[in-house]
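Here are a few notes to read alongside the structure. Please keep the sequence open and find each residue as it comes up.

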Amino acid sequence: MAAEALARDVVEERLGRLPGWALTDGGITRTYQLASHFAAAAMVVHIAQLQEELNHHSQLTLGYHSVSLTVNTHDAGGAVTEKDIELARRVEATAAGHAAK
């Protein structure tokens, strides 16, 4: 059964509780800044673990001192669903432990 797309106003309301996250044409996105490349790489590994636990994966990009994500649900036609909001919520909680800003 495919996940149900959330209405734009619902997504925006949910993102109001997730600082730094934004709705774009491609889904919901966030870029974190970290102290070093190694710290960013460690956060990527932690996010990959969360994605495996949820069986929900994002576009995840490791930069020099940054980590960027774009999250949407492929089986909902690329729309944003509760699965995306849950992944964003869990990544946001994890980011604090990595001193990501």
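1. Start with Arg-30. In this predicted model, Arg-30 sits in strand β2, which covers residues 27–33. Arg-30 has a relative accessible area of 11%. The cut-off for buried is under 20%, so Arg-30 counts as buried.

2. What lies 3.1 Å from a polar atom of the Arg-30 side chain? It is the backbone oxygen of Pro-19. Setting aside neighbours within four places in sequence, Arg-30 also has contacts with Gly-20, Trp-21, Val-67, Ser-68, Leu-69, Glu-92 and Lys-101.

3. Now the largest nonpolar core. It holds 22 residues. Trp-21, Ile-28, Tyr-32, Met-43, Val-67, Leu-69 and Val-91 touch the most other members. At least two residues of this core come from each of α1 (8–15), β2, α2 (37–54), β4 (66–71) and α3 (82–97). Nonpolar side chains tend to be buried together in soluble globular proteins.

4. Follow Leu-69 next. Beyond neighbours within four places in sequence, Leu-69 is in contact with several residues, among them Trp-21, Ile-28, Tyr-32 and Val-91. Arg-30 is also one of the contacts of Leu-69.

5. Check the backbone too. Most residues other than glycine have a negative phi. Asn-55 is not a glycine, yet its phi is positive, about 50 degrees. Asn-55 lies in the loop between α2 and β3 (59–62). With a relative accessible area of 60%, Asn-55 is exposed.

6. Ala-99 falls in the segment after α3. Is Ala-99 buried or exposed? Its relative accessible area is 55%, so Ala-99 is exposed.

Terms used
Residues are numbered from 1 along each chain as its sequence is written. This is a predicted model: local features need pLDDT of at least 70, side-chain atom pairs count only at pLDDT 80 or more; totals for chains, interfaces and linings use all residues. Side-chain values use heavy atoms; hydrogens and water are left out. Helices (H or I, at least four residues) and strands (E, at least two) are DSSP runs, numbered from the N terminus. Buried means under 20% relative accessible area, exposed over 50%, partly exposed in between (1.4 Å probe, protein chains only). A polar contact is a pair of N or O atoms within 3.5 Å; within protein, one must be able to donate a hydrogen and the other to accept it, and residues adjacent in sequence count only if both atoms are side-chain atoms. Contact means heavy atoms within 4.5 Å. A nonpolar core is a set of buried Ala, Val, Leu, Ile, Met, Phe, Trp, Tyr and Cys residues joined through side-chain atoms within 4.5 Å.
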